[in-house]
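Open the structure in your viewer and keep the selection tool at hand.

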Amino acid sequence: MKIAILGFGAEGKSALRFIMSHPTYRAAEVFVLDRNPKTSAGIPTAVAKKIKLRVGKNYLADIASYNLIIRSPGIPFKTPELQTAAKNTSILTSATKIFFEEINRQKPKPLLIGVSGTKGKSTTSTAIYQILKQAGKKVALAGNIGIPMLDIVKTKPTPEIIILELSSFQLQDLQTSPDIAVFVDIFPDHLDSHQSLGEYFKAKSNLTAFQSANQPVFFFADNKNVAKILKHSPAERHPVIPSADTPLKNLDLAAAVCRYLKISEIVIQETNKKFKGLEHRLELVRQIKTKT
């Protein structure tokens, strides 16, 4: 078997760690493919001799020769070379897909909370994480923020709840939804990578597309784009009306999720009061006095 890890950022490095430690792939040839010619600097010395590199502008030249291609989010799913390979003999997957496959086999299976949307994903994911942690739950924060997903698969003890921040690039080819879905506001975005606004919305829709009728989705009641996406979702609707139309409304969304999980109202309110926000998110930089 020839395996290509496509893109070598945080997720690509996590995928390499996972592949190199998994007995199924012990005899596989493993390749790292990346446009960056300096990619080799990120490969651990312990496995460097077992890895082959394809880097530089022609890194996709022989992509159809691999049996398994693990795509990083930074590589568009609709890249023509990838789609051609997938139509022929290659299996095209991602760290996100592998994570869901692996975690859904675990017994007991952790509860998965997936958070997506355009703006506010990191804040909402972190707020849910902090409330649940304060409530004494064994919880992990992963995905587009926190720990790379595949690094959690073999964590012992396994967290009872995993919160996943999921981008459109991670969701685009996903065929499984989390147990609980959370949508922050959705607006047009990432049209430099997605072929159309419809493709962007379709990618987001996978957050809830495969939920069952008794699995909940939380969302802001006034976001029309989310309402359109949810038309084709079987999920149980939990619209949230925020207390104020400010960035703090994402804390209202986090609170609604935690109430559903029977977390004490005192813990929710006290944790949200202490929430200071995340770096670079509407962060106070400086106050300046001007002469009048």
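Where is the place of Lys78? Select Lys78: its place is in the loop between β4 (68-71) and α3 (80-87). Helices (H or I, at least four residues) and strands (E, at least two) are DSSP runs, numbered from the N terminus. This is a predicted model, in which local features need pLDDT of at least 70, side-chain atom pairs count only at pLDDT 80 or more, and totals for chains, interfaces and linings use all residues. Residues are numbered from 1 along each chain as its sequence is written, and side-chain values use heavy atoms, with hydrogens and water left out.

Lys78 is partly exposed, at a relative accessible area of 35%; buried means under 20%, exposed over 50%, and partly exposed in between (1.4 Å probe, protein chains only).

Next, select Gln170, in helix α6 (residues 168-171). Gln170 is buried, with a relative accessible area of 2%. Leaving aside residues up to four places away in sequence, Gln170 touches Glu11, Pro73, Thr96, Gly143, Asn144, Met149 and Glu165, where contact means heavy atoms within 4.5 Å.

Last, select helix α5 (residues 121-134) and helix α9 (residues 249-260), which pack at an angle of about 45° with their axes 9 Å apart. Axes are lines fitted to C-alpha atoms, for helices over the stretch in contact, and angles run from 0 to 180 degrees between N-to-C directions. To see the contact, show Thr123, Thr124, Ala127, Ile128, Ile131 and Leu132 of α5 with Asn250, Leu251, Leu253, Ala254, Val257 and Cys258 of α9.
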